[in-house]
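This report describes a single protein chain.

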Amino acid sequence: MPLVDIQLIKGVFTPEQKKNMIAKVTDAMVTVEGESMRGVTWVRVQEIESGDWAIGGKPLTSEAVRSMAAS
């Protein structure tokens, strides 16, 4: 039974987008493992507070991520 963790910066994705991620990740796992594994494929979305995630030593905020996505 697979467990997939998705870690996101809090406040970047809407509840609908997170629901879509869960569905698509589950579908991807089922493509690899077979339909019989759908019911036992776990997907967890973990949200990290804005500013508590850093890249290259620089904290990344939800505002910065939304700005990157818009450009």
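What joins the side chains of Asp-5 and Arg-44? A polar contact of 2.6 Å does; a polar contact is a pair of N or O atoms within 3.5 Å, where within protein one must be able to donate a hydrogen and the other to accept it, and residues adjacent in sequence count only if both atoms are side-chain atoms.

## Basis

The model is predicted: local features need pLDDT of at least 70, side-chain atom pairs count only at pLDDT 80 or more, and totals for chains, interfaces and linings use all residues. Residues are numbered from 1 along each chain as its sequence is written, and side-chain values use heavy atoms, with hydrogens and water left out.

## Asp-5 and Arg-44

The side chains of Asp-5 and Arg-44 also form a salt bridge, at 2.6 Å from N to O. A salt bridge is a side-chain nitrogen of Lys or Arg within 4 Å of a carboxyl oxygen of Asp or Glu. This pair links distant parts of the chain, 39 residues apart: Asp-5 is in strand β1 (residues 3–9) and Arg-44 in strand β2 (residues 42–48). Strands (E, at least two residues) and helices (H or I, at least four) are DSSP runs, numbered from the N terminus.

Asp-5 has a relative accessible area of 37% and is partly exposed; Arg-44, at 38%, is also partly exposed. The classes are buried under 20% relative accessible area, exposed over 50%, and partly exposed in between (1.4 Å probe, protein chains only). Leaving out residues up to four places away in sequence, Asp-5 touches Arg-44 and Gln-46, contact being heavy atoms within 4.5 Å.

## Other salt bridges

The structure holds 6 salt bridges. One of them joins the side chains of Glu-47 and Lys-18, at 3.1 Å from N to O. Glu-47 lies in strand β2 and Lys-18 in helix α1 (residues 15–33), so the pair ties together parts that are 29 residues apart in sequence. Glu-47 is partly exposed at 33%, whereas Lys-18 is buried at 17%.

Glu-35 and Arg-38 form another, with their closest N and O atoms 2.6 Å apart. Salt bridges link Asp-27, Glu-35 and Arg-38 in a network. Arg-38 is partly exposed, with a relative accessible area of 33%.

## Helix α1

Helix α1 has 19 residues and reaches 27 Å from its first C-alpha to its last, close to the 27 Å expected at 1.5 Å a residue. The expected span is 1.5 Å times one less than the number of residues. After α1 comes Gly-34, whose phi is positive, near 105°.

The buried residues of α1 are Lys-18, Met-21, Thr-26 and Val-30. They lie on the same side of α1 because they cover an arc of only 165° around the axis, taken from the directions from the helix axis to the C-beta atoms. What covers these buried residues includes β1 and β2. The face turned away from the buried side carries the exposed residues Glu-16, Lys-24 and Thr-31.

## Nonpolar core

The largest nonpolar core has 5 residues: Val-4, Ile-6, Leu-8, Met-21 and Val-43. Strand β1 gives the most to this core, with 3 residues. Such a core is a set of buried Ala, Val, Leu, Ile, Met, Phe, Trp, Tyr and Cys residues joined through side-chain atoms within 4.5 Å.

Apart from its neighbours within four places in sequence, Val-43 is in contact with Val-4, Ile-6, Ile-22, Val-25 and Thr-26.
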